Amino acid sequence: MIISLLYRATRRNRTGRPPTAAALRKPVLRLATENPLWGHRRIQGEPTRLGHPITPSTVWEILHAAGIDPAPRKSGPAWRQFLTAQAEGIIAADFCHIDTALGRRMYAMAFLEHGTRRLHPTGVTHHPTGERATQQTRSPASDLGTRMESLRFILRDRNTRYTAPFDAVFASEDLDVLLNAPRAPRMNTQCERVIGTIRREALDHILEQPSTLHGPNGRRLLRTRILGGASTSTDTPHNLQR
């Protein structure tokens, strides 16, 4: 009698996480078996969506105990290896915003060839829109000329200014659109590095002479120094003042 009471008290006072129910363990193992490329976090989301909450660490322990890799590596090269191998066929697009000495923010879109590291800047505007971004695709097409035929991919982020017509322009040139993962600027480090160089080398130099930025001539000088003199027919001083 005394031994039975002690045994029951020990079971009630047992510390630690309770064991995972077998009814939940079987679906986890089945998902891992039928989807060998899914990791433990991807598998964890399926029972949760069906109303059976389970933590990623629990799924990791179940898979590890069953001898299944909780984080399988997908076949194929890593992202960095892909960019290196396909550098000659990739052109990347990104927006650059700069706060001027007058307290206004200007935007410009730039295209960068991965193979040659050549930068193709477009016009500057205070009001970037999806329609304008589509119009700016003419700039790299005219600059590249016949080299456009050697390109295979256009790399961009998920900015809402990149609309379906923007992608359609490159699709007509047989280019596949590569999207960055959400909040992953390192997937487009080449463009990010160029934008950082513009801000350090061009903007800092401009702010040393704020008196030269007043008036239409000053705005034209700002655009010229940042983008190396690039301009379009729509980037008139009248448009920049609006």
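Which residue in β5 does F153 stand opposite? In this predicted model, the residue of β5 that stands opposite F153 is D176.

**Strands β4 and β5**
- Strand β4, which covers residues 153–156, runs parallel to β5, and the two strands are joined by 4 bridges.
- Together with helix α8, the strands β4 and β5 make a β-α-β unit, and this unit is right-handed.

**The nonpolar cores**
- The largest nonpolar core has 14 residues, and those that touch the most other members are I91, M109, F111, I154, F166, F170 and L175.
- Two or more residues of this core come from each of the elements β1 (90–99), β2 (105–113) and α8 (164–171), and β1 gives the largest share, with 3 residues.
- When residues up to four places away in sequence are not counted, I154 touches I91, A92, A93, F111, F170, L175, D176, V177 and L178.
- As a general background, nonpolar side chains in soluble globular proteins tend to be buried together.

**N180, a residue in a loop**
- N180 is found in the loop that lies between β5 (176–179) and α9 (189–207).
- Is N180 buried or exposed? Its relative accessible area is 4%, and because a residue counts as buried when this value is under 20%, N180 is buried.
- If neighbours within four places in sequence are left aside, N180 is in contact with L155, R156, D157, R158, M187 and N188.

- In helix α4, which covers residues 56–65, the residues T58, V59, I62 and L63 are buried.
- These buried residues of α4 line one face of the helix, because they fall within an arc of 130 degrees when seen down its axis.
- In general, an α-helix has 3.6 residues a turn, so residues three or four places apart point the same way.
- Just after α4, G67 takes a positive phi of about 80 degrees.
- H40 lies in helix α3, which covers residues 40–49, and H40 is buried, with a relative accessible area of 16%.
- With its neighbours within four places in sequence left aside, H40 is in contact with P56, V59, W60, L63 and P70, and among these contacts V59 and L63 are also buried residues of helix α4.

Conventions:
Residues numbered from 1 in each chain as written. Predicted model: local features only at pLDDT ≥ 70, side-chain atom pairs only at ≥ 80, totals over all residues. Heavy atoms only, no water. Core = buried A, V, L, I, M, F, W, Y, C linked by side-chain atoms within 4.5 Å. Buried < 20%, exposed > 50% of the residue type's maximum accessible area, 1.4 Å probe, protein only. Contact = heavy atoms within 4.5 Å. Pairing = 2+ DSSP bridges. Right-handed = clockwise from strand over helix to strand, strands pointing away. Arc of directions from axis to C-beta.
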